[in-house]
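Okay, thanks for coming, everyone. Let me put the structure up and talk you through a few spots.

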Amino acid sequence: MKIFKPLDLQKDTQNANIENVENVKCLIIGSGPAGYTAAIYASRANLKPVLFTGLQMGGQLTTTTEVDNFPGYPDGVTGPEMMEDFKKQSERFGADIRFGIATTVDFSGKKHKVTIDDNKIIEADAVIIATGATAKYLGLESETKYAGMGVSACATCDGFFYRGKDVAVIGGGDTAAEEATYLAGLCRKVYLIVRRDVLRASKAMQDKVTNTKNIEVLWEHQTVDLFGENGVEGATLVKKKGTLAEEIVKIKIDGFFLAIGHTPNSDIFKKYVETDTVGYIKTIPGTSKTNIAGVFAAGDVQDPHYRQAVTAAGSGCIAAIDAERYLSEL
Ligand code: NDP
């Protein structure tokens, strides 16, 4: 059966298709320190960048309270305030900041096509991917309840607020070992809660953990809940005993640090852009260049190691400079 649309509606659909394609020189995807810094540099270089923020405008830092380690803020700043400053600074030079989520990409041609919100195509000469990474959580209701009130996924960012207190780090990889040793320098006691009877971390990091007196490793423990009146005051753990038996253990802590890995937000690019086995975008060392000419990556989506706001900002600057050079050679 043929369905006839009213004339106006047919016209609207056709126009919508045409209007929904926009050409830009430089497209930036993501609004964390990497994306906004790329926008500052790209707009100052007259690349007229358009930046799409993604769902979480401002990125991971908007879930942090105080940021004390970003240079230029001698008295510290909250994560959301700092990201607002980044945004304002990029807009001052003409960056076009828009709310929208990149849903699919087509990097097969000379012009790179990025679909926004499934209903608009941006054709860009250069694309800077700055979509960040998402820290993994255990999935407990109490993690959400105490977000910013004792639960953190970044010891370097938040550890300072737990000086002299007892905290727990969850995980057995290099990040967990590194964060536990970092926190041990600030806190009275650090519990390292490991779900197996071995650490996945490198031998060197394992040695550091073992040689740090105020780290206690709780082997074969899983966290099942967090409790506290106005923030985290403790955690309920289950200790595996043999194959069948289990024991409930309660520990008193003020801070609960997740270090069970991050997921780089790279899924939509994987068809074209090379990633490592975890999903981090591969860049040519010392640059932001990916395997696709004109597609650059900056920030946590390409950085499994440092993941700091300041390193992300630095890599955003590199990406904008790489994009500028690429565009001038086009
Ligand atoms: P990893 O994936 O290496 O480790 C994650 C850890 O979390 C594992 O021990 C895992 O346990 C544990 N885990 C995962 N899910 C759960 C869960 N639901 N409950 C309890 N525990 C859980 O992530 P990392 O962030 O540690 O490291 C990522 C990469 O970055 C690695 O390649 C690492 O080597 C690298 N890195 C390097 C550093 C350096 O060189 N200085 C510093 C930090 C990271 P299990 O072992 O049982 O799977």
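This is a predicted model: local features need pLDDT of at least 70, side-chain atom pairs count only at pLDDT 80 or more; totals for chains, interfaces and linings use all residues.

Numbering runs from 1 along each chain as its sequence is written, and side-chain values use heavy atoms, with hydrogens and water left out.

So, helix α6, residues 174-184; helices are DSSP runs of H or I, at least four residues, and strands are E, at least two, numbered from the N terminus. Buried here, meaning under 20% relative accessible area (1.4 Å probe, protein chains only), are A176, A177, E179, A180, T181, L183 and A184. Those buried residues pack against several elements, including α5 (155-158), β11 (166-170) and β17 (255-258).

Now look at E179. What is its nearest side chain of opposite charge? That's R307, 6.0 Å away, and E179 has no salt bridge, which would take a Lys or Arg side-chain nitrogen within 4 Å of an Asp or Glu carboxyl oxygen. Beyond four places in sequence, E179 does contact C154, A155, T156, V169, L258 and A259, with contact being heavy atoms within 4.5 Å.

On to the surface. Patch residues have over 30% relative accessible area and no salt bridge; like charges are joined within 9 Å, nonpolar side chains (Val, Leu, Ile, Met, Phe, Trp, Tyr) within 5 Å. K136, R195, R196 and R200 make a positive one. L55, M57, F99 and I101 make a nonpolar one, about 410 Å² of accessible area together, by Shrake-Rupley with a 1.4 Å probe. F99 sits in the loop between β5 (96-98) and β6 (102-106).

Methods
Lys and Arg count as positive and Asp and Glu as negative; His and the chain ends are not counted. The place of a charge is taken as NZ of Lys, CZ of Arg, CG of Asp or CD of Glu. Buried means under 20% relative accessible area, exposed over 50%, partly exposed in between (1.4 Å probe, protein chains only).
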